[in-house]
Amino acid sequence: INIASYLLYGLFEKRLLLLEEAEGGFDQFTRSYRTFGVNRMADNTLVLREWAPAAEALFLTGDFNGWDNFSHPYKKKEFGKWELCLPPKHDKSPAIEHNTKLKVVVHTKKGERLYRISPWAKYAIQSEKQVIYDWVHWDPPQPYLHIHPRPKKPQSLRIYESHVGIASPDPEVASYTNFTINVLPRIKDLGYNCIQLMAVMDSEFVTTADRYGTPEELKQLIDTAHSLDIVVLLDVVHSHASQNTEDGLNCFDGSDSCFFHSPPRGEHVLWGSRLFNYSRDGARFPPDMMLGIQAKEFNLGFIRPENLVSHSGCHVPFTEEWLLSVHYRKGLIGNEFGHPEWLDFPRKGNDESYHYARRQYNLLETDHLRYRQLYNFDRDMNRTEDKYGWLAAPPAFVSAKHEGDKVIVFERGNVLFLFNFHPTRSQTNYRVAVASPGKYTIKLDSDEVEYGGHGRLDHNTEFFTEPQSFNERDNSMLVGDTSQRDNSMLSV
């Protein structure tokens, strides 16, 4: 094990030295989204950079030059990089206008001419009935400016896993704006402190899905979430990518490797996708992908790459180490009120129907249905966790798992959890073990009327411990009528 660790450390050191030589250090490498793709300087000069080590030549074409394939060549630099500088127009405006289409023209050593979307494109659109995505230059004259700072790292994550496109009861693709206005307030009310957005990335790992709206509208969504003290996570598939060549990373520079391992190692047979070569010098993925390599079973990345790594010795909040150590609970969009339908996106097999690709929040406003009751319980469970913090507390001590009584009792975060799963029998004068002596009161009770229960427990009742050892605890107490299928949470 020591030899293996030594070899891995040596490999890591070698990579750091290569990054130092090629990028000016790891810190600079993690900020490469600021230098690759299209970036506008203070004087409106546009600097374009790509990484295409196997290419023979690169050109830029698009609306700005009448789709001339040869008028704007990139210059070849070291380490497989290519660079093109475009000075501003006579009126000092950028040479490429906002919201116009572009393509990178790649000439291969085999004499091929390939038209590619930059892996660093900020926006790509898919027109109606069109299969291939178009790269649209996104550089609005007045970009959205974030007002609210990123929330502090929560001690425990209460994650609301979301899909923007289905976040509406209407049979359509819902928008970022709809999510901002109609869904974020619900998430806040429910007591979640984090949203995990699924399927925000589109044809590339940096572009955002145009079907929901513009990048600026996504920024507004994130900024609004931050104003509500909600952390935003982006769900990213780290380990593999689409085989698309016209609008994907596959064969970007004409080779069968570039960002990936060469076949067969670089092909995922079951998924029909390409596997990244994380060791390639210059394989410049956003840091959310880099840090997710060892945590890909969580499928969690982050919306703003600069949040993820240590810069200049300053440890920033969201790192893989923190993600793996934090305790969290996760709810999927709609589950908080027991959504009656499964999830199925429009496809040929269901006649492109949106019927199952929508969350029916309107059910919460229907008085004769019980959906609101489950919503209320999910909300109050989160709010109680926010107060007592049992997710971030040390692992629970389980004092009872009684098969016959169908009762589970455990302590965590100075809270005692009582669960009665018996289908027919209530438990009265039931002795339970506790660590901390004193007085206990009910803090959350699934039998409350607003949760659909019968309201049989008196919340003014006080439970006092006795110095009587029970189930490996020095103290115990009697609790009354933990009614059938109704569960309680007591706090000292």
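Four strands make up an open sheet in the order β1-β2-β5-β4, and their pairing is antiparallel. Strands here are DSSP runs of E with at least two residues, numbered from the N terminus, and two strands pair if DSSP finds at least two bridges between them. The edges are β1 (37-40) and β4 (75-76), each of which pairs on one side only. Follow β4 to its partner, strand β5 (residues 81-86), and you will find two bridges in the antiparallel sense; K76 has W82 in β5 as its bridge partner.

A word on the model before we go on. This is a predicted model, in which local features need pLDDT of at least 70 and side-chain atom pairs count only at pLDDT 80 or more, while totals for chains, interfaces and linings use all residues. Residues are numbered from 1 along each chain as its sequence is written, and side-chain values use heavy atoms, with hydrogens and water left out.

Now turn to another open sheet, with three strands in the order β14-β16-β15 and antiparallel pairing. Its edge strands are β14 (240-241) and β15 (267-268), each pairing on one side only. Two bridges join β14 to strand β16 (residues 273-275) in the antiparallel sense, and A241 stands opposite R274 in β16. H240 also belongs to β14. At 16% relative accessibility, H240 counts as buried; buried means under 20% relative accessible area, exposed over 50%, and partly exposed in between (1.4 Å probe, protein chains only). Leaving aside residues up to four places away in sequence, H240 touches F205, W271, S273, R274, L275 and F276, where contact means heavy atoms within 4.5 Å. H240 and F260 lie 20 residues apart in sequence, with 8.8 Å from C-alpha to C-alpha.

Next come the charged side chains. Side chains of opposite charge can pair when their charged atoms come close. The structure holds 21 salt bridges, each a side-chain nitrogen of Lys or Arg within 4 Å of a carboxyl oxygen of Asp or Glu. D139 is buried at 18% relative accessible area, whereas R40 is partly exposed at 36%.

K101 and D134 form another salt bridge, at 3.3 Å from N to O. Here K101 sits in strand β6 (residues 101-108) and D134 in strand β9, 33 residues apart. K101 is partly exposed at 30%, while D134 is buried at 15%. Further along, R473 pairs with E411, the closest N and O atoms being 2.9 Å apart. E411 is buried, with 12% relative accessibility. Salt bridges also link R158, E385 and D386 in a network.

What about the cysteines? With a disulfide taken as a pair of cysteine sulfur atoms within 2.5 Å, the count comes to zero. For C251, the closest cysteine sulfur is in C258, 8.8 Å away, so the two are too far apart for a bond. C251 is partly exposed, with a relative accessible area of 21%.
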